[in-house]
Amino acid sequence: MPVEGGEPARAAAEAVARRSYGKLVAFLAARTRDVAGAEDALSEAFAAAIADWPAAGVPASPEAWLMTVARRRLVDAARRRRRREGAVDHLRLMADEMEAAMASQSEIPDDRLSLMFACAHPAIDAAIRAPLILQTILGFDAATIASAFLVAPAAMGQRLVRAKNKIRQAGIPFRVPARAALGERLDAVLAAIYAAFAEGWTDPAGTEARRRNLAGEAIWLGRLVVSLLPDEPEALGLLALMLHAEARRAARRNAAGDYVPLAEQDPAAWDTALIEEAESLLFRASTRGAIGRYQLEAAVQSAHVVRRRTGCADWAAIERLYDALWAMTESPVVAINRAVALAETRGPAAGLAALDALADDARLAEYQPFWAARAGLLARAGDITAADQAYRQAIGLEPDPAVRRFLQQRRAELGAASRA
């Protein structure tokens with residue numbers, strides 16, 4: 001039956017986009033070697049769906065409908081360009097191959113992992129591999145990716161365009177490489193999966209369309225990598241890390257929808273099954289004889305889980321783990337978390353000293369967690385004026401209304417205490 005009005009059709013198209021964007025781009029790009037062209041064709045197909053579905057009805061197989069329109073757009077675009085002799089015939093042959101592949105299978109093949117490894121190819125600049133995966137697989141715009149990697153949006157956009165051109169020009173193959181060739185390419189794939197999870201994690205209620213289901217999508221991709229590489233310790237570590245974090249999702253908001261920080265969450269609200277799976281994965285990783293970033297971060301989460309049994313996180317272990325992570329990554333985000341751990345083991349003055357050492361890092365000037373951590377430690381140290389200023393900075397930088405309300409409440413409590 002036709003869908004009444006434009007909004008239901010738009011909602012249906014958006015639902016397919018959230019669920020299948022990366023799968024459809026991967027299918028097209030794997031057969032044309034043109035990632036940008038696949039993205040453009042699919043974008044036009046989604047626009048056509050929004051225009052056509054209100055009158056004609058949502059098709060029985062929305063993915064197949066979109067794929068049919070997208071492959072036609074690819075051939076039309078090649079005909080318009082006519083960059084070289086035979087380009088149109090070449091694209092038409094690819095379109096015929098895609099149609100045959102679709103006709104021979106009940107579902108469109110899932111080539112996402114192959115596309116991810118193509119984006120992580122050594123011919124692609126190492127710094128852009130993970131951002132490229134995020135855009136091609138999950139449809140992130142350049143501004144969102146730039147924010148996640150602390151890079152200017154314009155610069156990120158230019159790098160992404162160059163990388164997609166490189167895939168086409170160099171004829172980079174779309175396949176999971178042999179184990180001997182994994183190495184650095186696996187690092188980029190795991191980094192992209194983790195970045196996707198982090199984006200979904202910042203929207204726990206699932207209220208933002210562009211982030212909805214990203215955490216679940218990232219976990220799915222993490223499971224896929226583990227299924228293909230069951231003995232890869234960092235793949236195991238990353239999946240353990242994501243599952244540990246996901247286990248706490250329900251505890252991050254109270255019944256009123258207010259933000260609840262980790263230290264104040266009820267461990268009884270954590271998902272026991274996910275925690276047990278995460279612990280099992282982390283143990284498997286520990287037997288493989290190679291320690292990496294994701295295993296260490298998962299171990300930090302495991303040390304927080306200790307609170308279920310003892311009532312207190314293992315802060316001494318968390319401090320040691322962050323020391324190891326800092327030595328491995330020199331990440332400012334790790335340094336902030338290390339400072340918080342130091343405050344727990346050695347007092348707020350030690351934590352503040354660690355944060356002061358980061359003050360010259362320009363990347364942190366507009367990074368909310370830095371100011372929130374600083375505000376909390378200054379309050380514990382009794383510097384009310386400086387804490388108030390840090391809270392104001394953190395509040396101004398926080399996009400999540402629930403977290404912003406939490407910070408405002410903390411600042412109000414600080415003011416009340418100073419007047420008492």
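**Figure 1. Two cysteines of the predicted model, C119 and C312.** C119 counts as buried because its relative accessibility is 0%, buried meaning under 20% relative accessible area, exposed over 50%, and partly exposed in between (1.4 Å probe, protein chains only). C312, with a relative accessible area of 44%, is partly exposed. The count of disulfides (pairs of cysteine sulfur atoms within 2.5 Å) comes to 0. Residues are numbered from 1 along each chain as its sequence is written, and side-chain values use heavy atoms, without hydrogens and water. As the model is predicted, local features need pLDDT of at least 70 and side-chain atom pairs count only at pLDDT 80 or more, whereas totals for chains, interfaces and linings use all residues.

**Figure 2. Surroundings of V225 in the largest nonpolar core.** A nonpolar core is a set of buried Ala, Val, Leu, Ile, Met, Phe, Trp, Tyr and Cys residues joined through side-chain atoms within 4.5 Å. The largest one holds 105 residues, of which I193 and V225 touch the most other members. Beyond its neighbours within four places in sequence, V225 is in contact (heavy atoms within 4.5 Å) with L113, L186, V189, L190, I193 and A235. Another core, of 25 residues, lies apart from it and includes L342, A372, I395 and V403. In soluble globular proteins, nonpolar side chains tend to be buried together.

Figure 3. Helices are DSSP runs of H or I with at least four residues, and strands are runs of E with at least two, numbered from the N terminus. The expected span of a helix is 1.5 Å times one less than its number of residues. For the 19 residues of helix α9 (residues 183–201) this gives 27 Å, in agreement with the 27 Å between its end C-alpha atoms. Of these 19 residues, 14 are buried, so that α9 is mostly covered. Helix α11 (residues 233–246) has 14 residues and reaches 20 Å from its first C-alpha to its last, close to the 20 Å expected. Because 14 of the 14 residues of α11 are buried, this helix is largely enclosed by the rest of the structure.

**Figure 4. Confidence along the chain.** The average pLDDT (the predictor's confidence in each residue, from 0 to 100) is 85, and 88% of the residues score at least 70. Confidence is highest in helix α12 (residues 272–286), at a mean of 97, and lowest in helix α4 (residues 87–103), at 54. Over residues 1–5, pLDDT stays under 50, and the model has 13 contacts beyond four places in sequence for them. Where pLDDT is low, the predicted coordinates should not be read in detail.
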